[in-house]
Amino acid sequence: MSAVPVLNGAPAKKTKRRRLKPWRFMPYVFVAPFFILFLTFGLFPLLFSAYASFFRWELTAGLGSMKWEGFGNYAFVLQFDDLPWSHFFSGRFWSELYARDFWRAMYNTFWLGIVSGLPQHLIAVPLAFFIHTKFRRARNPVIAMYFLPYITNTVAITLVFSSLFSRDFGVINQVLTGLGRLELFGAHPLAWLFPVQNVDWGRPEYTRPIVSFIVWWRFVGWNTVLYLSALQTIPKDLYEAATIDGAGLWQQFRYITVPLLRPMMLLAVTLTIIGNLQLFEEPFILTGGSGGVGQVAETVAMQMYKVGLNDGDFGTASAVAWLMFMVIAALTWLNNRTLGRKD
């Protein structure tokens with residue numbers, strides 16, 4: 001028999017060799033590409049833009065040209081100096097505030113966001129309820145028809161609407177002037193309601209409504225699908241019990257559908273707030289990047305693009321982006337407090 005070595009009067013313990021078990025690390029290997037891409041193209045640009053917002057930096061001059069500005073970029077964007085604060089409740093204050101680039105873009109963004117966003121939900125909720133209750137076999141084709149604008153290319157949609165609203169050859173003008181010039185018994189009975197001459201849709205008073213209509217037309221189907229998916233989770237027993245108790249369709253919609261749709265409303269309205277406050281493609285393409293006459297349709301995202309890429313002032317553009325982030329975060333919190341509360 002082989003002797004067991006003895007150290008200080010006690011037998012030595014045999015050491016076990018640890019074997020490498022690669023299957024323990026495989027989950028991390030599989031998820032590693034996501035984290036690498038997220039850190040490279042997601043988190044790093046986000047943190048770097050926050051860092052760059054405190055510097056004066058021309059993008060084409062390289063990182064060596066960065067000069068510390070502190071909150072100077074934010075003060076330059078907000079432009080609160082020389083405002084007539086004593087006339088805060090008068091039109092003079094607000095007209096001077098609107099004349100400053102960031103606040104004009106902010107006003108345009110909120111105007112477009114409210115006018116295009118609010119009708120989306122006011123129409124999508126009852127439309128989804130109508131499709132859910134009245135369509136059975138033809139439900140999927142109807143949903144696809146409403147969802148089609150959302151998945152269509154934004155550039156193509158905007159160019160189509162631009163041609164529809166063309167002053168000289170647009171279909172909209174041909175229809176409106178055709179109704180205005182309609183002659184019955186030697187008179188034009190609809191001339192008081194419809195124009196007899198082509199309308200110049202490029203005028204400032206028409207630019208924002210047209211952009212709002214395009215955005216509404218694109219996203220009303222998306223919200224309808226969201227609400228329809230939530231409606232399908234509501235138990236049918238509730239509607240059957242309400243019908244037995246004598247509740248009509250309107251009462252079922254008001255007291256059953258709307259309260260149970262609140263979680264989906266929270267999600268849908270949050271997505272609308274985030275999307276509409278980042279509005280860029282529709283006004284940019286429709287106005288050729290200029291924002292229209294007097295920049296009446298220039299949004300904050302368009303101003304950020306102009307300052308960062310056209311002017312090359314990346315520090316100021318980063319400050320605009322983070323100011324808009326704060327606005328979106330505040331409105332999202334307010335929406336969560338409003339629709340996310342539990343009664």
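Trainee: At what angle do helix α1 and α14 pack?
Mentor: In this predicted model, helix α1 covers residues 26-52, and its axis lies 8 Å apart from that of α14. The two helices pack at an angle of about 110 degrees. Angles of 65 to 115 degrees count as roughly perpendicular, and α1 is therefore, relative to α14, roughly perpendicular.

Trainee: Are α5 and α8 parallel or oblique to each other?
Mentor: The axes of helix α5 (residues 139-151) and helix α8 (residues 204-231) come within 6 Å and cross at roughly 140 degrees. An angle has to be over 145 degrees to count as roughly antiparallel and under 35 degrees to count as roughly parallel, so α5 and α8 are oblique.

Trainee: Which handedness does the crossing have where α5 passes α8?
Mentor: Among the residues that make the contact are Ile143, Tyr146 and Phe147 of α5, together with Trp217, Phe219 and Trp222 of α8. By class, the contact of α5 with α8 has 10 nonpolar, 1 polar and 2 charged residues. As for the way in which α5 passes α8, the crossing is left-handed.

Trainee: Which helix gives the most to the lining of the largest pocket?
Mentor: About 500 Å³ of space lies in this pocket, and of the 18 residues that line the pocket, the closest to its centre are Gly117, Leu118, His121, Val269 and Ile273. At least two residues of the lining come from each of α4 (101-134), α11 (262-277) and α14 (314-339). With 9 residues, the helix that gives the most is α4.

Trainee: How many residues of the lining of the largest pocket are nonpolar?
Mentor: The lining divides by class, with 5 polar residues and no charged ones. The nonpolar residues of this lining number 13.

Methods. Residues are numbered from 1 along each chain as its sequence is written. This is a predicted model: local features need pLDDT of at least 70, side-chain atom pairs count only at pLDDT 80 or more; totals for chains, interfaces and linings use all residues. Side-chain values use heavy atoms; hydrogens and water are left out. Axes are lines fitted to C-alpha atoms, for helices over the stretch in contact, and angles run from 0 to 180 degrees between N-to-C directions. Helices (H or I, at least four residues) and strands (E, at least two) are DSSP runs, numbered from the N terminus. A crossing is left-handed if the near helix is turned anticlockwise from the far one by less than a right angle, and right-handed if clockwise. Contact means heavy atoms within 4.5 Å. Ala, Val, Leu, Ile, Met, Phe, Trp, Tyr, Cys and Pro count as nonpolar, Asp, Glu, Lys and Arg as charged, and the others, Gly among them, as polar. On a 1 Å grid over the protein atoms alone, a cavity is a set of points where a 1.4 Å probe fits but cannot get out, and a pocket is an open set with protein on both sides within 12 Å along at least five of seven lines; lining residues have an atom within 4 Å of a point. Grid points are joined across faces, edges and corners, and a volume is the space filled by probe spheres set on the points.
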